[in-house]
Amino acid sequence: MTLFGLLRVAMRALAVSKLRSALTMLGIIIGVAAVIVMIAVGAGAQARVEEQIRSLGSNLLLILSGATTSGGVRMGFGSGQTLSEDDAAAISREIPETLAAPALRGTAQVIWGNQNWSTVIFGITPEYVEVRQWELAAGHMFDPTDIAGATKVCLIGQTVARQLFGGVDPVGQVIRVRRVPFTVIGVLEGKGQSMMGSDQDDLILMPITTARNRVLGASARAKQRSVGTIWVKVQEGHDMKAAEEQVRALLRQRHRLQPGADDDFSLRNLEEVAATQEASSRVLALLLAAVASVSLVVGGIGIMNIMLVSVTERTREIGLRMAVGARTRDILGQFLVEAVTLSLIGGLVGVLIGVGTAMGIAELAGWRIVLAPESVMLAVAFAFAIGVFFGFYPARKAARLNPVEALRFE
Amino acid sequence: MEPPAPFPLIHTRDLAKVYRLGDNVIKALDGVSVDIARGEMTAVMGPSGSGKSTFMNLIGCLDLPSSGEYRLDGRDVAALTRDELATMRNRGIGFVFQNFNLLARTAAVENVELPLVYAGVPARERHTRAMEMLAKVGLGDRADHHPAQLSGGQQQRVAIARALVTQPLLILADEPTGALDSRTSLEIMALLQELNRGGMTVVLVTHEPEVARFAGRILRFRDGRVVQDESNHRPEDAAAILAAERKAA
């Protein structure tokens, strides 16, 4: 019998009890829809993580100045001032595939008109903007003379702009940072939340020289060129691990640390943090899909169940078909095609419902979803495989019936 | 005409079928040796449990004997595989059943086409041949009717058309009139006799003498053996009886 003929016979058999066929398909419909929704939501979460990683800037090393010991009490990283702008310059110079950006960090109250806001101040050099991949939404960057001359200009993040200025254009306005007037020369593009959930747009960038001399005050002035952090960007295509070791060796040498002594700085490879995050979100997506596919398997068992009932009900028909010349493979094919038709129609309906639900979730809950054609194909292929797998046993049972007994079956 | 084949169409020697139910051994068929020639119309009779159904299953290639020999048209059936048996049934045997065994919700013409589907005949030719056969049994105008829309006699005619459509070696009819009233039974027997006169070998399984009287030969079974093999040189003519009844009415 041709495939088309088998399909016609299957459709006719399924049409005999439409409600039963529909209910049988329901298991597959729900399973496929669930798989598609779960993959879409999982992939959406993964895409968000990837976006956050990109917003951090890729291929980054973060160096924090080291722990100090004061009277036997060891302070945390960043407490001492072991890093300097010269360290940053040396890294950029000695290791050609890197670009190092020193940064001074502090908090300050900022005031504009009758508004005030507490935010984080970064004293930076122009490299910082490149390393952290900040883009400007409005205005312009610092130029080297701003750094050299410790000009009182600043760039503000989206959150600061919103909190202080509301709807007013901040560019050209003068704000007071710890009572020091600063001209806003630009507004940064938004980056959203960091992976840890903190607001990356709540900050003010200003020349490192200005920050040291005018804003962050006495403690920073104690050691003239010291900085709290150095960000290091490693060029695309270079091994992060190797770069990390080179930076570590260079800093140990510059700080004259004896072999065996602890580092007086902390070096973190953000790639690893990102990779961990990404892996965990991937595991989550996989887990969701696995849970959803359980319902597909349950749907498959439903198909097997109804096919077994169908084989029993149609024993005489099978006997008759055998009497007029149906071979084992004819009967096997007939019932297998019927099971696969059930599962495939269920699969296609499930795709429609799944895609619709995923879009609805995106619309109503505002979640990020990613509908990949591959996941839809995968779900349909899985439904097909379920039909073959769970249809095979009933079909084989039908094909192995004894024609004499099948014909006599009441 | 081809010269007659040197062997009978059906040839059995010591044909036996044994069933085991637990410790009991049941000899459904216990050494049957029968030859049936081409063109014969044979009635197989006997009470239930006599082995006539088992005999029919074996010569219909639906089942294999436990021992003994069966040759259909010279071919040793006992040596065939399951699928070869299916092909043998498809090409060689046209079945007619007591309860018609038509596919429900399927047009008469598609029912008749069914054996040709399994023979691999292309759809167009299938349809043409099925329509010819329906016309032959007098149902050319009912081709699109489903079984539920046909009377019992019409359904059995469709079943006979289905049996004939592969041009088989023999028609094997198992109680073909068992579900029909006497008038319709006569019509069906007249049709089978007409086919037999056209050269078709017919084997009828029945327990009704009313039906057997139309056959040229009667095999009586009892306890798995043939107890009587009787030639009926002057079988009654179902068509003539029908005509007489019509005249009387």
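Author: Among contacts in chain A between residues at least 6 apart in sequence, 81% join residues at least 24 apart. Two residues are in contact if their C-beta atoms, placed from the backbone, lie within 7 Å. This is a predicted model, in which local features need pLDDT of at least 70 and side-chain atom pairs count only at pLDDT 80 or more, while totals for chains, interfaces and linings use all residues. Residues are numbered from 1 along each chain as its sequence is written, and chains are lettered from A and ligands numbered from 1 in the order in which they are written.

Reader: What radius of gyration does chain A have, against a compact globule of 410 residues?

Author: Chain A has 33 Å, whereas such a globule would have a value near 22 Å. The radius is taken over C-alpha atoms, and the globule rule is 2.2 Å times the number of residues to the power 0.38. Along the principal axes, the C-alpha atoms of chain A fill a box of roughly 105 × 55 × 35 Å.

Reader: Which domains does the assignment give for chain A?

Author: Domain 1 covers 3-52 + 276-408, and domain 2 covers 83-263; such bounds come from an automatic or database domain assignment. The C-alpha centres of the two domains of chain A lie 56 Å apart.

Reader: How many helices and strands are there in chain A?

Author: Chain A comes to 14 helices and 14 strands. Helices (H or I, at least four residues) and strands (E, at least two) are DSSP runs, numbered from the N terminus.

Reader: Take strand S13 of chain A: how many of its residues are buried?

Author: Six of the six residues of S13(A), residues 229-234, are buried. A residue is buried if 20 or more other C-beta atoms lie within 10 Å of its own, exposed if 12 or fewer, and partly exposed in between, with C-beta atoms placed from the backbone. A:Thr229, A:Trp231 and A:Lys233 point one way from S13(A), and A:Ile230, A:Val232 and A:Val234 the other way.

Reader: Which strand runs antiparallel to S13(A) and is joined to it by five bridges?

Author: That is strand S1 of chain A, residues 60-65, where A:Leu60 stands opposite A:Lys233. Strand S5 of chain A, residues 98-112, also pairs with S13(A) in the antiparallel sense, over six bridges, and A:Pro102 stands opposite A:Ile230. Two strands pair if DSSP finds at least two bridges between them.

Reader: What is A:Val32 in contact with, leaving aside neighbours within four places in sequence?

Author: Its contacts include A:Leu296, A:Gly350 and A:Ala383.

Reader: Lastly, why does A:Arg12 count as partly exposed?

Author: A:Arg12 counts as partly exposed because 14 other C-beta atoms lie within 10 Å. A:Arg12 is in helix H1 of chain A. A:Arg12 and A:Ala395 are 383 residues apart in sequence and 17 Å apart in space, C-alpha to C-alpha.
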